[in-house]
Amino acid sequence: MELTPANLLTMSRLVLTPVFAILFLMGMKGWALGTFAVAGFTDLIDGTVARLTGKPSKGGALLDPIADKLLVETSFALLVWAGLLPLWFFLLALARDLMIVGGIIYLTRVKAPLPYGASLVSKCATLMQLAVTILGLILWKRVELYEVGDALQTWFEVAVVVAALLILISGVHYTLMGLRILRTNKQRKDERA
């Protein structure tokens, strides 16, 4: 894989994810929050950097969702472990992500053309998942923030519900998109035969 600026950002997220997990498990709340914020920021800008530098790559397009899912699922698992996030939310996000990765693997095996980049609904879902984690990490740190109060808890709960809805919508969207790609790919093969 070519080491473009965007790919370096994506790879940094792969490195920061275990660092974040270690800091979280060591109870280093401020450092864990900061590390996640930096990793989340690389998620938000790597695609833009690829477009601005004119260097999107197939390797980056495949590595980016893996790095995203690893960061998000790790953070959700840790927040569930800390008792801040409901298990159903983690399982919903994990099921959708496994479905997407499985779909990408299957489409690659049948040599179907994969679209570059995430859909708008998926980007919104990712943004809300990052918000859920940031809010959850702030709640986890709340003792050091002098009790942020019930307002933050309410915002966190709303973010969880909105993120869950977007996860469901994006899961359906990707399923339909995958089926459409398979249908188009089959039609092309039939026309060539």
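I began with Asp-97 and Lys-69, and I found both of them buried, where buried means under 20% relative accessible area, exposed over 50%, and partly exposed in between, with a 1.4 Å probe and protein chains only. Their side chains meet in a salt bridge at 3.8 Å, N to O, and I applied the rule that a side-chain nitrogen of Lys or Arg lies within 4 Å of a carboxyl oxygen of Asp or Glu. The pair links distant parts of the chain, since I located Asp-97 in helix H4 and Lys-69 in helix H3, 28 residues apart; helices (H or I, at least four residues) and strands (E, at least two) are DSSP runs numbered from the N terminus.

I note that the model is a predicted one, in which local features need pLDDT of at least 70 and side-chain atom pairs count only at pLDDT 80 or more, while totals for chains, interfaces and linings use all residues. I also note that residues are numbered from 1 along each chain as its sequence is written, and that side-chain values use heavy atoms, with hydrogens and water left out.

**Other salt bridges**

I then looked up the side chain of Asp-97 again and found that it also meets that of Arg-96 in a salt bridge, at 2.9 Å, N to O. Asp-97 counts as buried because its relative accessibility is 4%, and Arg-96 counts as buried because its value is 6%. Salt bridges with shared partners join Lys-69, Arg-96 and Asp-97 into one network.

How many salt bridges does a search of the whole structure find? I recorded three. Another entry is the bridge between the side chains of Asp-68 and Arg-13, at 2.8 Å, N to O. This pair links distant parts of the chain, with Asp-68 in helix H3 and Arg-13 in helix H1, 55 residues apart, and I found both residues buried.

**Aromatic rings**

I counted six aromatic pairs, taking rings of Phe, Tyr and Trp (its six-membered ring) as paired if their centres lie within 6.5 Å, with planes under 30 degrees apart stacked, over 60 edge-to-face and the rest tilted.

Phe-76 lies in helix H3 (residues 58-81) and Phe-89 in helix H4 (residues 87-109), so the pair ties together parts 13 residues apart in sequence; both are buried.

I also found one aromatic cluster, formed by Phe-20, Phe-24, Phe-36, Trp-81 and Trp-140. Over the ring of Trp-140 sits the charged end of Lys-29, 5.3 Å from the ring centre, by the rule that NZ of Lys or CZ of Arg is within 6 Å of the centre and within 35 degrees of the ring normal.

**The chain overall**

I recorded six helices and zero strands for the protein chain. Buried residues make up 41% of its 193 residues. Of the contacts (heavy atoms within 4.5 Å) with a separation of 6 or more, 79% come from residues 24 or more positions apart.
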